[in-house]
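Work through these exercises with the model open beside you. Try each task before reading its solution.

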Amino acid sequence: MTHQSLLLTTLSTRGYIHQMTDAAALDTLAAKQIVPGYIGFDPTAPSLHVGSLVQIMLLRRLQQAGHKPIVLMGGGTGKIGDPSFKDEARKLSSDDTIATNIASIRRIFERFLTFGDGPTDAVMLDNAQWLDALEYIPFLREVGQHFSVNRMLSFDSVKLRLDREQSLSFLEFNYMILQAYDFLELSRRAGCRLQMGGSDQWGNIVNGIELARRMDGTEVFGVTTPLITTADGGKMGKTMAGAVWLHEDQLPHFDYWQFWRNTDDRDVGRFLRLFTDLPLDEIAGLEALSGAEINAAKIVLANEATAMCRGRAAAEAAAETARRTFEEGTSGDSLPTVVVPVEGLSIVAALTAIGFASSNKEAKRKIEEGAVRVNDERVGGVDAVVVAGDKISFGKKLHGTAVGE
């Protein structure tokens, strides 16, 4: 389909679009004026992870196309937790924890977006600003009347929990109403005309669109992205070592770079379109590489994705560490490290401390499978000890070093 607006052309050609409400009307609007658009993020941790990156890039594309990104932090809804496609309720966070997490997460967005007071500059808002001030009875009378419980029960995010006979609290059930109300408030406060999100947010987005139409007669729009899975069917961002965090406080630069370097051959072109700013014709050339040559495209992906999130210097340092580690057999400065005492540390403890194994049980299993090496020699048993200066390898793709106290 041919679009007249740069926004929808970009989102379509780079693979961001899964569903849209009234695509023709949104396309016309985006072609003639600045469209403020938002995505919500719940501050459940000090950092977002790679699973949120496609949404961050969506806001970046919005700004690159001449529109205004609104980063909505869920300081209010974060006190509840989005139940969408979750097996159980999230642990509730304190106000202080939420505030700390929001301040930390803002640093991530400042790397991807330009913030300021201009017409297309990004802004960060917190829905606690209006949700914390709501009075229950007036809210029920003014907003609650526009929601059908029958319809709310029909949404997949709710049906999944109920079909599995898993508890869904009344607190969580309110989440979709509050998210719909966010869209209404943003349309009133910031002239927001577009909400974007993952495919699991479709029901919540539609609720907000209908609420804005019923209460204010405002036409607003929604766009969702496809679930990003890897070629082998796995969920993107899930690794043996855990979540791939965007903050260097939670994940070293080299590990972040190596995550992208380890991309499946079949995913390279798609990930270059989604997660880098490289021109499409250049991506097409990289995507066409085959055999061992595809590794060059993976290095470009790792360099560009890391530079965007961690800075160009971090990307170059990680790339040099990888080169020295894999081509020369030496250890680069950016490899993850584990601190060991003078007498050494058991290999099992070292693997869990460095983050290669999620538990002692997993570490022991991998050792028994022959997947763990120290100084390129296979570890013979779980009683092995590493000392300062040892190089630790976990499988073919995870490498680290032991350093002294």
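**Exercise 1.** Find which strands helix 10 lies across, and its angle to strand 2.

Solution. Start with helix 10, residues 175–190. Helix 10 lies across strand 2, strand 3 (68–73), strand 4, strand 5 and strand 6 (221–225). Its angle to strand 2 is about 145°. Angles run from 0 to 180 degrees between N-to-C directions, with axes fitted to C-alpha atoms, for helices over the stretch in contact. Next take helix 11, residues 202–216, which touches strand 1, strand 5 and strand 6. Helices (H or I, at least four residues) and strands (E, at least two) are DSSP runs, numbered from the N terminus.

This is a predicted model: local features need pLDDT of at least 70, side-chain atom pairs count only at pLDDT 80 or more, and totals for chains, interfaces and linings use all residues. Residues are numbered from 1 along each chain as its sequence is written, and side-chain values use heavy atoms, without hydrogens and water.

**Exercise 2.** Give the strand order of the open sheet and name the edge strands.

Solution. The order is 1-6-5-2-3-4, with mixed pairing. Strand 1 (19–20) and strand 4 (123–126) each have a single partner, so one side of each lacks a neighbour in the sheet. Inside the order, strand 2 (36–41) and strand 5 (194–198) pair in the parallel sense over two bridges; pairing requires at least two DSSP bridges. Gly37 stands opposite Leu194 in strand 5.

**Exercise 3.** Describe how helix 12 packs with helix 15.

Solution. Helix 12 (253–261) and helix 15 (294–310) pack at about 140°, axes 8 Å apart. The contact (heavy atoms within 4.5 Å) includes Trp257 of helix 12 and Ile299 of helix 15.
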